[in-house]
Amino acid sequence: MSALPTLHGKVVLITGAASGIGLSCAQSFAKQGARVIITDLNEAALEAARQLVLAAGAPSCLTYVCDVSNEASVSACATRVQSDVGALDVLVNNAGIYYLGGFMETSLEMWQRMFQVNLMGIVLMCRAFLPAMKAAGGARRIVNIGSLASFLGAPNITAYTASKHAVLGLSDVLAMELAAERSPVGITRVCPGIINTPLLAGKTVGTNITQRQLLQQQEYYRTHGCTPDVVANGVVKAVQRGDDYCFVGPKAKMGFWGTRLSRKLAHAMSITESTQSGYLDAP
């Protein structure tokens, strides 16, 4: 059992932590007295985030600019982190990108970028940090942030959905391998539902997406979604309990169990819901 009921003094690294769910996770771990490390591509935003994390109660907060999609960048980050603080107690793979556009309106370049960040970013981070975590011994945890789209997608997010399905599959099998070797390192799969985050403010969309859809989707997430701190609090509790799965936020549990009951019915409901949430343009 790789539960971490006490997080005071534990070393926690969160990727994509300059804003949104990542920043909220950093603040929530800080409130538990964890020693926080935050990474992101945006160096200026990292410094602002660092001040917020320290204000939340972290005894320390280190920042590193890291591109999770780049092997050399991840390797350099891991070398510096392990030199500065040693093995991680908790790794939160949060960094991700989003794209709204039909299958044919999603370029191959966007497909590759989506998988490079959302999936390979987790692969690279785990490969860089897991060996030291295993060697250090004791209960430790890797948290992989998936999505409602990890098991139930929606029209016009084919690349995003495929990448998040892959995150769940990767996490499941990695957890099996760690369990088979009786490693004290556990995996928590986090599947947030409707969350109002800066991820939705992206300006790059498919040519089939209208301005009305964008505004409708932003309004839907604002009025029907929850804030990132709800996810962050769920992540902290899952780490403390050693939970394998964390379904948090509106629609998350309903979507998961709906696909277990009937994938056909769940898909039909997703299509219907998509006209209200902006994934499909209302007639």
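This dialogue explains how to read several features of one predicted model.

User: Which conventions apply to the model, and how are residues numbered?

Analyst: The model is predicted, so local features need pLDDT of at least 70 and side-chain atom pairs count only at pLDDT 80 or more, whereas totals for chains, interfaces and linings use all residues. Residues are numbered from 1 along each chain as its sequence is written, and side-chain values use heavy atoms, with hydrogens and water left out.

User: What is the strand order of the open sheet, and which strands are its edges?

Analyst: Strands of a sheet pair through backbone hydrogen bonds, in either a parallel or an antiparallel manner. Helices (H or I, at least four residues) and strands (E, at least two) are DSSP runs, numbered from the N terminus. Two strands pair if DSSP finds at least two bridges between them. Here, 7 strands form an open sheet with parallel pairing, in the order β3-β2-β1-β4-β5-β6-β7. Its edge strands, each pairing on one side only, are β3 (61-65) and β7 (245-248). From one strand to the next, the twist averages 15°; angles run from 0 to 180 degrees between N-to-C directions, and axes are lines fitted to C-alpha atoms, for helices over the stretch in contact.

User: Which residues does R50 touch, and where does R50 lie?

Analyst: Contact means heavy atoms within 4.5 Å. R50 is part of helix α2 (residues 43-55) and, not counting residues up to four places away in sequence, touches I38, C61 and T63. With 26% relative accessibility, R50 counts as partly exposed.

User: What angle do α4 and α5 make, and which residues meet?

Analyst: Two packed helices are described by the angle between their axes and the distance between the axes. Helix α4 (residues 108-118) packs against helix α5 (residues 120-136) at an angle of about 30°, with the axes 3 Å apart. The two helices are therefore roughly parallel to each other; angles under 35 degrees count as roughly parallel, over 145 as roughly antiparallel, 65 to 115 as roughly perpendicular and the rest as oblique. In this contact, F115, Q116, V117 and N118 of α4 meet M120, G121 and I122 of α5.

User: How many disulfides does the model contain?

Analyst: A disulfide is a covalent bond between the sulfur atoms of two cysteines. The rule applied here requires a pair of cysteine sulfur atoms within 2.5 Å, and by this rule the count is 0 disulfides. The closest cysteine sulfur to that of C25 belongs to C246 and is 9.3 Å away, too far for a bond. C226 is in no disulfide either, the nearest cysteine sulfur, that of C246, being 11 Å away. C25 is buried at 0% relative accessibility, and C226 is buried at 13%.

User: Where are R182 and K251 located, and what are their phi values?

Analyst: Most residues other than glycine have a negative phi. R182 has a positive phi near 55° and is placed in the loop between α6 and β6; at 76% relative accessibility, R182 is exposed. K251, which is not a glycine, has a positive phi of about 80°. K251 lies in the loop between β7 and α9 (252-261) and is partly exposed, at 31% relative accessible area.

Technical notes: Buried < 20%, exposed > 50% of the residue type's maximum accessible area, 1.4 Å probe, protein only.
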